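Q: I have a model open and want to learn how to read it. Where do we start?

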Amino acid sequence: MCDGKKIVDLRSLISDHADFPKKGILFHDFAPILKDPQALSYVIDEFSNLYDMNNVDVIVGIESRGFILGTAMAVRHQKGFTMIRKAGKTPGRTIKTSYELEYGSSTIEMRCDALDKGQRVLLCDDLLATGGTMKAAADLVNSMGSIISGMAFIIELTDLNGRNTIGDYNIHSLVKY
């Protein structure tokens with residue numbers, strides 16, 4: 001315990017699933033953290049300490065697990081929240097970008113009116129692997145004239161060098177493998 005706050009061992013709560021979503025992939029699942037209110041609160045506290053929320057206007061979550069983390073951060077700090085979704089799931093006018101994953105390719109989109117020019121954005125997702133998804137998300141945010149204040153991840157797979165793919169942003173992850 002430090003300063004009266006209990007430290008939570010997040011790594012002990014993350015469950016591993018071999019060969020998911022396809023053979024050869026080891027999936028680190030943060031779902032058990034969601035089941036533990038103390039652990040979830042700890043995650044939000046940690047990100048709140050890592051980012052100056054006075055420099056964030058809106059939180060952006062990436063489908064689907066980034067929605068959970070991003071919404072919790074938005075509620076905690078009374079910020080707006082918006083979504084970046086898989087292609088074809090967003091009504092209205094959208095902007096899209098395609099990218100490569102460690103096990104395939106994908107396209108993500110967001111509404112054209114989701115962000116305003118100059119808004120400062122904190123991007124949230126559960127996992128940083130190759131960086132393809134977050135790089136694509138950053139491209140969408142930047143194309144709208146918004147400013148990326150940071151990128152928050154619960155888990156980072158360091159051997160996949162996702163930070164190099166994303167570029168020079170304020171990136172934090174709480175558990176590294």
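A: Start with the contact pattern. This is a predicted model. Take contacts in the protein chain between residues at least 6 apart in sequence: 59% of them join residues at least 24 apart.

Q: How many helices and strands does the protein chain have?
A: The secondary structure comes to 6 helices and 9 strands.

Q: What radius of gyration would a compact globule with 177 residues have, and what does the protein chain have?
A: The rule for a compact globule puts the radius near 16 Å, and the protein chain has 16 Å, so the two agree.

Q: What share of the residues is buried?
A: Buried means under 20% relative accessible area. Of the 177 residues, 40% count as buried. The accessible surface of the protein chain comes to about 8,900 Å². Carbon and sulfur atoms own 49% of that surface.

Q: How far apart are the mean positions of the positive and negative charges?
A: Compare the two mean positions. The protein chain has 20 positive and 22 negative charges, and their mean positions are 4 Å apart.

Q: Which parts of the chain does the pair of Arg 120 and Asp 57 link?
A: Arg 120 is in strand β7, and Asp 57 is in the loop between α3 and β3, 63 residues apart. Their side chains meet at 2.9 Å, N to O. Arg 120 is partly exposed at 27% relative accessibility, and Asp 57 is partly exposed at 30%.

Q: Where do Asp 139 and Lys 135 lie?
A: Both lie in helix α5, residues 132-143. They are 4 residues apart, about one turn of the helix. Asp 139 has a relative accessible area of 32%, and Lys 135 has 30%.

Q: What links Glu 63, Arg 85 and Lys 89?
A: A network of salt bridges links these three residues. Glu 63 has a backbone feature too: its peptide bond to Ser 64 is cis, with omega near -10 degrees. Ser 64 sits in the loop between β3 (58-62) and α4 (65-77).

Q: Which residues does the other cis peptide bond, with omega about 5 degrees, join?
A: Phe 20 and Pro 21. Pro 21 is in the loop between β1 (15-18) and β2 (26-29). Asp 19 lies in the loop between β1 and β2. Check its phi: about 60 degrees, positive, although Asp 19 is not a glycine. Asp 19 is partly exposed at 41% relative accessibility.

Q: What is the phi of Asn 161?
A: About 55 degrees, positive, and Asn 161 is not a glycine. Asn 161 lies in the loop between β8 (147-156) and α6 (162-166). The relative accessible area of Asn 161 is 42%, so this residue counts as partly exposed.

Q: Is Asp 125 buried or exposed?
A: Buried, yet without a salt bridge. The nearest side chain of opposite charge is Arg 65, 7.5 Å away. Asp 125 is in strand β7, residues 120-128. Beyond four places in sequence, Asp 125 touches residues including Ile 62, Leu 69, Met 134 and Phe 153.

Key: Residues are numbered from 1 along each chain as its sequence is written. This is a predicted model: local features need pLDDT of at least 70, side-chain atom pairs count only at pLDDT 80 or more; totals for chains, interfaces and linings use all residues. Side-chain values use heavy atoms; hydrogens and water are left out. Helices (H or I, at least four residues) and strands (E, at least two) are DSSP runs, numbered from the N terminus. Buried means under 20% relative accessible area, exposed over 50%, partly exposed in between (1.4 Å probe, protein chains only). Lys and Arg count as positive and Asp and Glu as negative; His and the chain ends are not counted. A salt bridge is a side-chain nitrogen of Lys or Arg within 4 Å of a carboxyl oxygen of Asp or Glu. Contact means heavy atoms within 4.5 Å. The radius of gyration is taken over C-alpha atoms; the globule rule is 2.2 Å times the number of residues to the power 0.38. Accessible areas come from the Shrake-Rupley method with a 1.4 Å probe; for residues, only the protein chains shown count as cover. The place of a charge is taken as NZ of Lys, CZ of Arg, CG of Asp or CD of Glu.
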